[in-house]
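Please keep the sequence and the structure in view while reading.

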Amino acid sequence: MGVKIAILAEPNIQQRIFDDSHWRQLADIGDVARNDQPGVPRPEILKRLLEGADYAITSWGCPSLPRDILEVAPELKAVIHAAGTVKGIVTPDLWSRGIRVSSGNGPLGIGVAETALGMTIASLKEMWRLSQDTRNGKWSEGRGRVRELYRVTVGVIGAGKAGAHYVRLLRNFEVTTLVYDPVLTAEQAEAMGAVKAELEEVLRRSDVVSIHAPSIPETYKMFNRERLGWMKDDAILINTARGSIVDEGALADELRQGRLFACLDVTDPEPPAADHPLRSLPNCIITPHLAGAVNNGVKRLGQFAIDELRRLIAGEPLGGEVKEEQMSILA
C-alpha cells in the first residue's frame, strides 16, 4: 500500500497554495485525495477524504478535527497546516492519538520579516515623508533627518518564526539587535545574532522597535501609554503582528506630539474606522495587512507542506512542528 495524502482545504484555497509543480510533487510522494467541494469542509467530506489517510494537509477555512472524524483514519500520522495558527484545527484528540502537527508560520514569517525590514529601511531613510514632500514640490528639504541601517539599535519583540527571521535579516547590517521574548534564553538569542533584554531596556534603547509577538491575552495592548512613553524620541514603531498588541489611542496621542513614527500593517479592528486618527496622522503609515504571504508568496505554503511530508517520511525533524505544551504561547 502506498502513502495516502488527504488535502482537506476547499478548491479555492488549494488553488491559492498549490500550483501544477506542487501537484506533481505530491503525486510523486503518494496517492492524493483532494477535496472538490467548495466552502467549509463538512464532516462527511472530511471523513471521506481522511479514510485510510497517512497524512493530512489543512489550510484556511478547515474546521477542527475531533474524535469522530479521526476515527476513520487510524493510520493518520500528521496534520500539516499550510497556513498560520493551528488553533482552529487542533483538538485534544489529535494529541491523544499521537498525531503530529505542523504549522506554516515559518513560510508566512518570511514575508512578515521581509516587510518589517522594508519598513525599517524606508522609515529610517525618511522615504515616506520625503516622497510626499517631493510630490508637493520640495526637493532636498528634510534630508537631514535621514538615517541609515547602520550603527543603530533595533529592538525585536517576539522571537517566533517571523521575529527570528527578521533578526537573521538584520545580520546583514552593522546594527545592535535586542530581543525581548520571555521564552527565549540568552544563549538562543546570541546564536541568532541578538542580545536578550527586558522589555523596558529594549524600548528605551532602540531606534527601531519591530513587533512580532503573538496575539494572546498576555500581549493584549502590551504597548500601552506607559510603555510607548519609554521609547526614545524619533524612534520608529513597526507592527506586522496583530493590532491588538498596541493601544491605538495611546499611540495616536504619542504620534500627535510628533515624538514617534509608526508603520502599522495591522490594526484593531481591521480596517480601522474611516475617521480613525491613525489614518490622518502624517507620521503614521498604514498598510492593509499585507506582510504575510500574499499572491505569489502564498505558494510558499504549498511547498512547505510538501517539504514537511518529505521530512516526515524520511524521519527527519519537522520545520514547523507544534507541541501540545506550546499552544498557550502561540498565536
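Which residues point one way from strand β11 (residues 261-264), and which point the other way? Phe 261 and Cys 263 point one way, Ala 262 and Leu 264 point the other way, and all are buried. Buried means under 20% relative accessible area, exposed means over 50%, and partly exposed lies in between (1.4 Å probe, protein chains only).

The model is a predicted one: local features need pLDDT of at least 70, side-chain atom pairs count only at pLDDT 80 or more, and totals for chains, interfaces and linings use all residues. Residues are numbered from 1 along each chain as its sequence is written, and side-chain values use heavy atoms, with hydrogens and water left out.

**The parallel sheet**

Strand β11 belongs to an open sheet of 7 strands in the order β8-β7-β6-β9-β10-β11-β12, with parallel pairing. Its edge strands are β8 (195-196) and β12 (284-286), each of which pairs on one side only. Helices (H or I, at least four residues) and strands (E, at least two) are DSSP runs, numbered from the N terminus. Two strands pair if DSSP finds at least two bridges between them.

Within this sheet, Asn 239 has Leu 264 in β11 as its bridge partner, and Ser 210 stands opposite Ile 238 in β10. Helix α6 (residues 105-124) lies across β9, β10 and β11 and runs at about 155 degrees to β10. Here, axes are lines fitted to C-alpha atoms, for helices over the stretch in contact, and angles run from 0 to 180 degrees between N-to-C directions.

A loop between β9 (208-211) and α11 (225-230) holds Thr 219. This residue is buried, with a relative accessible area of 9%. Thr 219 touches Ala 213, Pro 214, Ser 244 and Ile 245, not counting residues up to four places away in sequence; contact means heavy atoms within 4.5 Å. Thr 219 and Ser 244 are 25 residues apart in sequence, and their C-alpha atoms are 7.9 Å apart in space.

**The mixed sheet**

Another open sheet has 6 strands in the order β2-β1-β3-β4-β5-β13, with mixed pairing. Its edge strands, β2 (31-34) and β13 (321-322), each pair on one side only. From strand β3 (residues 55-58), Tyr 55 and Ile 57 point one way and Ala 56 and Thr 58 the other way, and all are buried. Ala 56 in β3 is the bridge partner of Ala 6, while Ala 78 in β4 is that of Tyr 55. Ser 102 stands opposite Glu 321 in β13.

| Strand pair | Bridges | Direction |
|---|---|---|
| β1 and β3 | 3 bridges | parallel |
| β3 and β4 | 4 bridges | parallel |
| β5 and β13 | 2 bridges | antiparallel |
| β9 and β10 | 4 bridges | parallel |
| β10 and β11 | 4 bridges | parallel |

**A pair of helices**

Two packed helices are described by the angle between their axes and the distance between the axes. Helix α2 (residues 20-29) and helix α14 (residues 299-314) pack at an angle of about 15 degrees, with their axes 10 Å apart. The two helices α2 and α14 are therefore roughly parallel to each other; angles under 35 degrees count as roughly parallel, over 145 as roughly antiparallel, 65 to 115 as roughly perpendicular and the rest as oblique. His 22, Gln 25, Leu 26 and Ile 29 in α2 meet residues of α14 including Ile 306, Leu 309 and Ile 313.
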